[in-house]
Every structure is written in C-alpha cells, then in structure tokens.
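Dear colleague,

I am handing over the structure below for your use. My notes on what was found in it follow directly after it.

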Amino acid sequence: MNNLQPQAKPIRHFDLTAQQKNISIAGQDATILTYNGSFPGPLLEVKEGEVVTIDFINQLREPSNLHLHGIFMSPEDDKPHQVVAPGESLGYTFEALPGSAGMYWYHPHAHGKVTRQLFEGLSGPIIVRGAVDELEPIASATEKVLVLHDITLQNGTVAPHAGMDWGKGKEGELVLVNGEHQPEISAPTGLLRLRIVNASSARYYNLNIPGKRLQVIGMDGSFLEAPVAMETLLLTPGERADILIETTQVQELQLLNLPYTRTPAGPSLDIPAAGMVLAKFNITGEPKTIALPTKLIEIPELDLTAATDYKTITFGANMQPLQFTINGKAFDHHRTDLTAKTGTLEVWDIVNPMAMDHPFHLHTFPFQVLSINDIPMPYLAWKDVVNVPANCTVRIAIPFTKYTGSVMYHCHILEHEDLGMMGNLEVV
C-alpha cells in the first residue's frame, strides 16, 4: 500500500551579491554598486506556486540588506529592520502565492543608507508569472523589461548628494534604461509588452509614446481587470507598470518622459517641453492586426462598511536640521507608530499638506486607492505605491490578511525616507 505524500512545492533559488564594480555607462568608465556585477541587477523570474529563496551576500564596505518590494510575504521574512554587515549574508524566503502575478523589484533598505546605495546602482527587477501571462494575445506579445534609473557620474565615481538634494530628492544627470542612455530596442510587429520599473531615488517619469495609447494591463504587483487606455502614465519612485502597445506596422516609436511638476521649482530642468527621449523602439515585420484582451482578472470591490478603523497619515518636515516626518514624528526604528488587527479592513487618509509630491509605500499588504481629493479612482487596482500630490489627500483601503508582524510605511523618495519620513505598523 502506497502512502501518498503531499507534493513538495517547487523551489526557485537565487544568489544576489552586492558588490562594487567598474563598468561602462554611456561611454564613461565608472565605479558603481551592482548586484552580481550587473547594473541593473539580474531579472529574477518565478512562477505562482513556487517557493523562492534568495541568499543575499554583502560585499560592500558598509551594512546593507534586501527589500523584495511589493512581494506579499510575512514581515518575519521581509526582515526590514535586519541589516547585513560587510562580508556577511542573509537568506530571504517567500512563496509566490496564487494571484500574485505581476512586476516587483528589489533594492536595499538599510535605514540611513538606502538613498546612496540605490542611487549608486543597487536595484533589479522581479517578475512573477501566472495564468494571465499564458492567455492570448498576451502570451505571444514581445516583452521588454525596462528598469528606469538615473545617476550622476563625476571623475569615475557616482557624484555625492549636495545639501539641497536631500530636500527635494536628487535627480541624476544620466537617465538610463537598463543601464543604457537612450537605447534603441528592436521588436517585431504585433503586440509590444513593456514591463517598467521606476528604480530612481526621486525622479518621476511622465510616460508617453507619441502616436500610441498606453494600454495599461497591470500596476505594481497585479493585473488590472481589463486594459485601461492612457495618453500618459505617471510613474513615481517604486511604482511599476505593465503596458501593451499596438505595433501594427513598421515604424520607430519613442518612449518619452514628459514634463511634470513634483516640487515648487517646476518640472525637472533637464526635460524639454516636448519630452526627454528615454528609449527608441524599431518595429519591423509584416503589418498585423491586433485584438487587445478584454478581460484579465477579477478584482473584488472592498466592502468599506466592514472597515474597522480609519487612520490619518500626515506628511511633514522640520527645517533645522532637515527632517521629514509622518504625523509629526521622524522615524524611530524602536517605536511602534500604528497598530492594526489581522483579518480586518482599514481605510487610511494619506494627507500631504506640503508643496511637493510624495509617493507613499506600504510593505507587505497591497491596498486599493479609493480617491484623490475625494475624486474616486476610475478603475480598481491593487497597489503598493501611490503618489500623493502636493496639497492633496489620497484615501486607500487595506485588507490586513494572512500575516502579522512589524511592517514599514514610508515616502518612496528615498532621501525623505532616510531623513525620517517612515513609520512602523504592528499588525497583531
């Protein structure tokens, strides 16, 4: 008689080593920080149902760690407060749960050192694949992963932050796509799928492809219910987008960053009125007709009458010395700022009375954006980063499911995070 054993879940393993490396960027030799010697770090590709293990090895000269941004994983495994000394290593484990197909990324999260480690090169993409990826026409689309990361080089190294950079967030002089300046990318006619990560420390990308509508099928770590057509898409630091482009004939397409005002100083000085060219796509092949997908997934509308608590998160700053705050307090690793109960739904108002935008990020628990200044969101989406424009309030709903533990919430302009715009939430 055979004893039926439960089938073990498939395991996918990766090693990620943070190390200094001399590489060529836009024709300049420079010493930057890399994962496994590459900038950006390698794509980690996994499937729903797999258990993923990552060994992080720190070969930097200072403490670091790894944040698997957007992954629905236990705070105990996320280990946001645990840092890895030079020469040491630390393991991370998560299960790519059913329904988690989407775009994620990884970067350092050692408080006080995040800005510089990321600005100097440390970031990389993660893709979780699921059933929707196997549906036509998505399955036969030409897929390109684009990691957006700006940097400033100076005498063969990465330029330091000046005083003002900490206040507004530093924008690098070189705006790169997959470590290249204005790359030219070839693709056949048909459907082009762009998986885009904003891995910049502070720069916003107001994306546009002249002559094309951006058919957005996913945001952050989830698909949308159906494609949403947009002329432009604002991608703030930490956000990801999954976009289909109908490339029916031979042509050259340009991916642009259009001007956007995120601080009182106005749009970024390096962006022309017509937009900065991020990348070019050379489309070749026979003309094709394309049918876009009509239905992707179901996203449940949350029952707000079941909400057990309402919280307000207010951004602020102190000037002497410069500190950024949430609810009047700068971050303290040892302080619990908020608590929530597992199995409940909460509604949070993220209030930004300041004159500049701040992107809000919550670890572990995805949320739905309900409204911006009381204007309802036009479509349902699971998010882990949302932009909170200057002098605006964003309302979100968060189901606290499955996990307990200490999770962080913070501004994803990393200069602001490092200078205190972060808090600890204890889910009990």
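In this predicted model, a salt bridge of 3.2 Å, N to O, joins the side chains of E120 and R116; the term stands for a side-chain nitrogen of Lys or Arg within 4 Å of a carboxyl oxygen of Asp or Glu. E120 and R116 are both buried, where buried means under 20% relative accessible area, exposed means over 50% and partly exposed lies in between (1.4 Å probe, protein chains only). By the salt-bridge rule, the count comes to 27.

Residues are numbered from 1 along each chain as its sequence is written, and side-chain values use heavy atoms, with hydrogens and water left out. As the model is predicted, local features need pLDDT of at least 70 and side-chain atom pairs count only at pLDDT 80 or more, while totals for chains, interfaces and linings use all residues.

A second salt-bridge site involves R129 and E143, whose side chains meet at 2.5 Å, N to O. This pair links distant parts of the chain, with R129 in strand β8 and E143 in strand β9 (residues 142–151), 14 residues apart. Helices (H or I, at least four residues) and strands (E, at least two) are DSSP runs, numbered from the N terminus. E143 has 27% relative accessibility and therefore counts as partly exposed. The side chain of E143 also meets that of R193 in a salt bridge of 3.3 Å, N to O. Here the link spans 50 residues, from E143 in β9 to R193 in strand β15 (residues 190–198). R193, at 2% relative accessibility, counts as buried. A network of salt bridges links E45, R129, D133, E143, R193, R195 and D242.

R129 also has a place in strand pairing, as the bridge partner of K47 in β8. Strands β3 and β8 (residues 124–129) run parallel and are joined by 4 bridges; two strands pair if DSSP finds at least two bridges between them. An open sheet of 4 strands has the order β3-β8-β7-β5, with mixed pairing. Because β3 (44–47) and β5 (67–69) stand at the edges with a single partner strand each, one side of each is left without a neighbour in the sheet.

β27 pairs with strand β31 (residues 385–388) in the antiparallel sense over 4 bridges, with V385 as the bridge partner of H361. β27 also runs antiparallel to strand β33 (residues 405–411), through 3 bridges, and F360 stands opposite C411 there.

Finally, the largest pocket holds about 560 Å³ of space. A pocket is an open set of points on a 1 Å grid over the protein atoms alone, where a 1.4 Å probe fits, with protein on both sides within 12 Å along at least five of seven lines; lining residues have an atom within 4 Å of a point. The volume is the space filled by probe spheres set on the points, which are joined across faces, edges and corners. Its lining has 31 residues, of which P98, G99, S100, G221 and W382 lie nearest the centre.

With kind regards
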